[in-house]
Every structure is written in C-alpha cells, then in structure tokens.
Amino acid sequence: MDQFPWLSFIIFFPFLAALLIPFIPDEKGRTVRWYALVVGLIDFAVIVYAFVNNYDISSSGMQLYESYTWVPQIDLRWSVGVDGLSMPLVLLTGFITTLAILASWPVTFKPKLFYFLLLSMYAGQIGVFAVQDMLLFFLMWELELLPVYLLLSIWGGKKRLYAATKFILYTAGGSLFILLAALGMAFYGDTVTFDMQSLMAKEFPLRLQLLLYSGFLIAYAVKLPIIPFHTWLPDAHGEATAPVHMLLAGILLKMGGYAIIRMNVEMLPDAHAVVAPALVILGVVNIIYAALTSFAQNNLKRKIAYSSISHMGFVLIGLGSFTNLGLSGAVLQMISHGLIGASLFFLVGATYDRTHTLILDEMGGVGRKMPKIFAMFTTCSMASLALPGMSGFVAELMVFVGFANSDAYGFNFKLIVVMLMAVGVILTPLYLLSMLRDIFYGPENQELIENEVLIDAEPREVFVIACLLIPIIGFGLYPKGLTQLYDAKTMQLTERLRTEMFAIAQDKTPPLPIATTPLLNAPLLNAPELSQP
C-alpha cells in the first residue's frame, strides 16, 4: 500500500485513546474532558485533512481504500473505503461528536466512563460509514449499541432503565436481520465472500433479492426510524442527556438512512425497483403521523423526537423517487437534519438545566430571563421548519421537486403523495411555533421564576450553536458546497436504478405479483434516456 492508512487511523485512534482514560489522574472530570475534546479535535482534523488532500469529488468510486487479510478461508478482510455516500457522513460524525464532547462539560458523575463511551461510539460510528465488508459492518453496527445503552441507563432521567432496555431490544433485535441477510448474500453462489464490492457483482434472483431487502429494511427501519419501528426513539430521547441527544439525532438516525442506500438501494437494485413505491408510502406515513403526534406532545424532548421522525420521512421519499434530484435531496436531508437535530436537542438540554422541567405547560415567559437561549432556540426552530435560507428548506425542496418530476409513477399517485407531503410541511411550523410560544412567550410562571435560577446562555453554549448554525445557513445559501461532494455517486446510482426499473417495467411476467408494479408509469417505456440497454 503506497499511502497512509487514513481511514484505519480515523477509526482506531478514538478507541485507542479511550483506553487510556482510566489511567488519567482525575477525580472530577476536569482533566479527562479536555483530553476527550483534544482527541475529538485531532480525529476531526485528520478526517478533514485526509479528504481535502486525498479525495476526488469527481469520482463515483471507492477512495482511500484499504484492504488487509483477516480470515482468508471465507474472504473476510479488514476493508475500509469511502465514496460520495459515506464521506459526508464521516465528516458529519467527526463534527457532531466533537461538539457533543464540548456539550458534555457539565457532566460530573463518572466522567471517565462517560467520555470513554463517547469516544468508543465515535470509533464505531465512523466504522459503520467506512467499512466495506458485510461482517465488519455488522460488528461496527453492534459496537455502538453498548455505549448508547450505558449512556442512557447511567446518565438518563427517571425512566432511563426502561428507555435503555427498549433501545437495546429494538436495535439488537433488528441487527439479527442484518447478520442473516449478510450470511445469505455471502454464501449464495459459487464463492463465499463478505466484501461489498464482490457482493454487488453477484447475480441474485429477484425473489432472493426481495427476501434480503426485507431483512435489511426491518433492521434499518428501527434505526432510521420508520413507523411502526419508531417507538424506542421518543423514550430514548425523553431520558437522554444533551450530548447523547446530539449523537442520537445527529448520527445514529443517519446510520439507518445510509445503510438503506448502501445495502437496499445500491446492492439490491432490482428489489428496490419493486419496493420503492412502498418506501414512498412509508415516508408519507412518517411525515404525517409523526408531525401530528409531535403536535400533541406536552413533553419538550418527545416533541422534538417526533419531529425528527417526521423529517426522516423525506429521506424515504427521496430514495423512492428514481431521480437524481430526489436522491441528492435525501442525502442532503440526512446531513441537514443531523445538524439541525443536534442543535435543537442541545438547546433542549440547556433549557432543562435551567428550568428543571420538560413540561411545556410549566414553562412560559422565560424568554425575558434568557434572551440568548430564546434567540438561538428560535433560529434553530426556523431551520427545522425549513425556512428559506436554511439547509432544511433546500433538502425538502429537492425531494419535493425530484419526486414530482419522477416519470416512474402515475400522475394520481404523485399528486396524492405531494399533497400529503405539503400537509406535513404545514404541520411542522404549527407545532414548532406553538412550542416556542409555550416556552418563551406569554406570562411568566411565577413558581418557576421563584424556584429556579434562569441564567442566560454561557459562551460555551453559544459557541456550540454557532458552530452548528454556520453549516446550516451556509448549505442553505449555497447547497452546491455540499451536494458536489456526492453528486457523482448519486448520479451513478440513479442511472443504475432507472435501468433496473425499466427492465422490470418491460417484464410482462414479473416473478411476484407485487401490488406496487402498476404504479410504474406507462410513458416510462418510451423515456429516451432508458431506450438503450
């Protein structure tokens, strides 16, 4: 190998650094928090340096690739690499995790264990986005479960054990489907391999693809999350601390979206061409149901949690659009929501630290005492409701236009979906603006004012939100700064999906009586870009 193993270093450095934390002489966590922050900054700096100097945004192939023999009998290797799908998410992971470490400054209970778990999660999450071996992917996917479980069960709220147990049962149960599907792909055919590139070259029959697709979808539906596999998320967010909130909303949900693109869409394109309409329907359900449920919540954390579920519905619709604009919007939505979700949950934690309540009816009028938090909360809420000039607006607009211009569906289906998406967009400002009203406007709660010290945001908190708002506004004003990082990959993937879709539309005797097949639009058969084999 003629280059430095950047990705291996990026993955192993936080974990190896975490192993040294028990030996740091520190009782109150003042030294270990600086140590963890420096480790996070170094790893993030290496990520940026490696991509700036060694990554070609015009290429759709795998880059920074490393492969080392591990178990040659079954072609199991330590294989890591990044492309347009994974590189932006590795950057997002480094950015959000470093800010989450800074957000952990108030933690004084078992600080060594807390920061050890954060750095271990750092390694596992980057590994999920970088590994190119199915078995390694499964191991990395599992690696982050235990840190999240402990972070919830030790530092969570009153119902922390219930929330942590529910999280581990849902996610570990879903992970079994990843393992089963991976084994099915690896042992199918004449060769046994877990290498993703080799698996993409295998010819799987459509019936098997649909079975594998279903297994992967169940697992990733838990993490995205897709209704009805979503119920662990409001409970986990309801009990988590601010830095854990940031990791859950900013990174963990994106693992589900990334995995669907990588495995379901890219590795099983025939099955995706059949199942895509169902993904669109699930996306609409996510948007409407979660928005209505969020509107009804009186708990601040649960309200934002359901808002996250609603926004991830746009990702599903983008993935099912069969257009480059829709798929690009789905990737942009994942990154945008990672930034916006992390900012909102950080501010929820900062508000709770001062008011010691999450019940909206018990707040009111605190904007007079905390004008900086009020301003930051309002700005981040505007980003969440897709205000023009913010990244969320561009992402949702791309999904809207991409799906509306898709020639893969009939007019009536597209009209219904677009109208329901519009309803979700209308509901979002209703519950977010009502949330701001309940917290900051109206008469002051005298009991709250008398019993709590409502100090305004400190410089550390302003810095964290400023770091998140810069890319939120920057990508909102100049989205090409982000989309150009993955355009080559999404264009390649869209072209392949449209080819498979065309083949299925031409098939007069489909192998399965899929109910969604009639949704394919007849004019598609004459589409000029698909007329060539």
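**Figure 1. Buried residues of helix H2.** In this predicted model, the buried residues of H2 are Val 32, Arg 33, Ala 36, Leu 37, Val 39, Gly 40, Asp 43, Val 46, Ile 47, Ala 50 and Phe 51. They pack against helices H1 (6–18), H3 (87–103) and H4 (111–130). Strands S1 (63–71) and S2 (76–82) are also packing partners of these buried residues. H2 itself covers residues 30–54, 25 residues in total. From first C-alpha to last, H2 reaches 36 Å, close to the 36 Å expected at 1.5 Å a residue.

**Figure 2. Helix H4, a partner of H2.** The buried residues of H2 pack against H4. H4 is mostly covered, with 17 of its 20 residues buried. Its end C-alpha atoms are 29 Å apart. That agrees with the 28 Å that 20 residues should span at 1.5 Å a residue.

Figure 3. Phe 12, Phe 15, Leu 16 and Leu 19 form a nonpolar patch on the surface. Together they have about 340 Å² of accessible area. Phe 15 lies in helix H1. Phe 15 counts as partly exposed because its relative accessibility is 30%. Helix H1 is also among the elements against which the buried residues of H2 pack.

**Figure 4. The largest nonpolar core.** This core holds 192 residues. Phe 137, Tyr 220 and Phe 377 touch the most other members. Helix H11 (residues 242–267) gives the most to this core, with 16 residues. In soluble globular proteins, nonpolar side chains tend to be buried together.

**Figure 5. Contacts of Phe 137.** Neighbours within four places in sequence are left aside here. Phe 137 is in contact with Val 128, Val 131, Ile 178 and Met 196, among others. Its partners also include Tyr 220, Tyr 258, Ala 259 and Met 263. Tyr 220, like Phe 137, is one of the residues that touch the most other core members.

**Figure 6. Ser 294 in helix H12.** Ser 294 has its place in H12 (residues 269–296). Ser 294 counts as buried because its relative accessibility is 0%. Not counting residues up to four places away in sequence, Ser 294 touches Lys 303, Tyr 306, Ser 307 and Tyr 431.

**Figure 7. Leu 497 in helix H21.** H21 spans residues 487–506 and includes Leu 497. Leu 497 is buried, with a relative accessible area of 4%. Leu 497 touches Val 265, Pro 269, His 272 and Phe 322, leaving out residues up to four places away in sequence. Leu 497 and Asp 270 are 227 residues apart in sequence. In space, their C-alpha atoms are 7.8 Å apart.

How values were computed:
Residues are numbered from 1 along each chain as its sequence is written. This is a predicted model: local features need pLDDT of at least 70, side-chain atom pairs count only at pLDDT 80 or more; totals for chains, interfaces and linings use all residues. Side-chain values use heavy atoms; hydrogens and water are left out. Helices (H or I, at least four residues) and strands (E, at least two) are DSSP runs, numbered from the N terminus. Buried means under 20% relative accessible area, exposed over 50%, partly exposed in between (1.4 Å probe, protein chains only). Contact means heavy atoms within 4.5 Å. The expected span of a helix is 1.5 Å times one less than its number of residues. A nonpolar core is a set of buried Ala, Val, Leu, Ile, Met, Phe, Trp, Tyr and Cys residues joined through side-chain atoms within 4.5 Å. Patches are made of residues with over 30% relative accessible area and no salt bridge: like charges are joined within 9 Å, nonpolar side chains (Val, Leu, Ile, Met, Phe, Trp, Tyr) within 5 Å. Accessible areas come from the Shrake-Rupley method with a 1.4 Å probe; for residues, only the protein chains shown count as cover. A salt bridge is a side-chain nitrogen of Lys or Arg within 4 Å of a carboxyl oxygen of Asp or Glu.
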